[in-house]
Amino acid sequence: MSQYSTMLPLVLYDIVSNLPGNHFSPNPAKTRFVLSYKNLPFVTLWVEYSDIPIATKAIGAKPNKRRDGSEVYTVPVLSDPNTGALITDSLEIASYLDKTYPEKPIFPNSSEPLICAFEPAYLSLLQHAIKLIFVRGTEILSPASVKFFIKARTVDVPLPWDVNPDADWELLEKAHNTVYEWYHKTDGKWIMGDTFSYADIIVASWLLAYKRVLKADEWVRFSSWNGGKWTQVLADVEKECTLS
Ligand SMILES: N[C@@H](CCC(=O)N[C@@H](CS)C(=O)NCC(=O)O)C(=O)O
C-alpha cells in the first residue's frame, strides 16, 4: 500500500480540450508528471481556457505575472487539502511538492537553482517557433476558448501566427539540436546524466504537448529528428513517472 494512501487527493487545475483524455497543455503536464512520479493521489479539475480567470479567482488562487509585469490567471494551480496550500505556477508547485513530499526528489543534489535557470533557457529556444504550437492549439479548443486564447497569447506573440510554417519547423528543429547537444554532454539518458530530475519533466511536458496537438504526420517529422531522441525522452519520462 502507498505511504500516501491515507492522504486526501490533491487537486490539479488543467485545461479541457476536444482531444480524447483532454490534456494537452505543457505547464499543467509538468505538475501531472511530478504528482505521478511521487505517487501522490490527485484528481484533475478540467477548466475551459476561457474560464481560467473565473475558476482560479473563485478558489482564491494567486495570479501569475506576464513578461510585462501585468497580472494573468494561469494553470496549473494545485490545491493540497492535506496542508491547505494553494499554489499557482508549475515551478512553484514543483518546489512545494519536493519540500512537502521529499521522497523521490525531483530536485536531487540541490539542483533546484540550476533547474530554475534551465527552464527559461530551454523555453527561449522553443519560443522562436511558438506560433506552430499556438496554431495547432487553436484547433483543439472550444470556440469561446479559441477567442480567449488568441487574445491572451497575442499580448506576447502578435498575429498572424501562420505566416511561415516552414521557417518555424526549421527553428523548432534547430532548437532541438541544441537540446540534443545538452543531453549528450553526459553518458546517461537524463539531463543530469544517470539522475532523473525535474529538468527531464520540463522537456517531456513540451514533447507531450507537441505530440498531442500536432497532426500525425507532423509528429512523425518531429520524431525523426536527432535519431528518435524525442520519442525516447518522452517514453523514458512517462515510464519513470508511471504515466505510460
Ligand atoms: N509560468 C507559468 C505559465 C503558466 C501558463 O502560462 N499557463 C497557461 C496555460 S499552459 C495559462 O493558463 N494561460 C492563461 C492566459 O494566458 O490567459 C507556469 O509555469 O505555470
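**A tour from the cis prolines to a helix pair**

Begin by selecting Pro 76, which sits in the loop between strand 4 (71-72) and strand 5 (77-80), where helices (H or I, at least four residues) and strands (E, at least two) are DSSP runs numbered from the N terminus. The model on your screen is a predicted one, in which local features need pLDDT of at least 70 and side-chain atom pairs count only at pLDDT 80 or more, while totals for chains, interfaces and linings use all residues. Residues are numbered from 1 along each chain as its sequence is written, and side-chain values use heavy atoms, with hydrogens and water left out.

Another cis peptide bond joins Leu 159 and Pro 160, with omega about 0°, and Pro 160 lies in the loop between helix 6 (143-153) and helix 7 (165-183). Most residues other than glycine have a negative phi, and most peptide bonds are trans.

Next, select Asn 22, in the loop between strand 1 and helix 1, which has a positive phi of about 70° although it is not a glycine. Asn 22 is buried, with a relative accessible area of 18%; buried means under 20% relative accessible area, exposed over 50%, and partly exposed in between (1.4 Å probe, protein chains only). The loop between strand 1 (10-15) and helix 1 also holds Asn 18, which is exposed, with a relative accessible area of 52%. Asn 18 touches Glu 139, Ile 140 and Leu 141, not counting residues up to four places away in sequence, and contact here means heavy atoms within 4.5 Å.

Move on to helix 1 (residues 26-37), where 11 of the 12 residues are buried, so this helix is largely enclosed by the rest of the structure. Just after helix 1, Asn 39 takes a positive phi of about 55°.

Finally, show helix 4 (residues 112-127) together with helix 8 (residues 198-213), whose axes, lines fitted to C-alpha atoms over the stretch in contact, come within 9 Å and cross at roughly 25°. Angles run from 0 to 180 degrees between N-to-C directions, and those under 35 degrees count as roughly parallel, over 145 as roughly antiparallel, 65 to 115 as roughly perpendicular and the rest as oblique. Helix 4 and helix 8 are therefore roughly parallel to each other. To see where they meet, select residues of helix 4 including Ile 115, Phe 118 and Glu 119, and residues of helix 8 including Tyr 198, Ile 202 and Trp 206.
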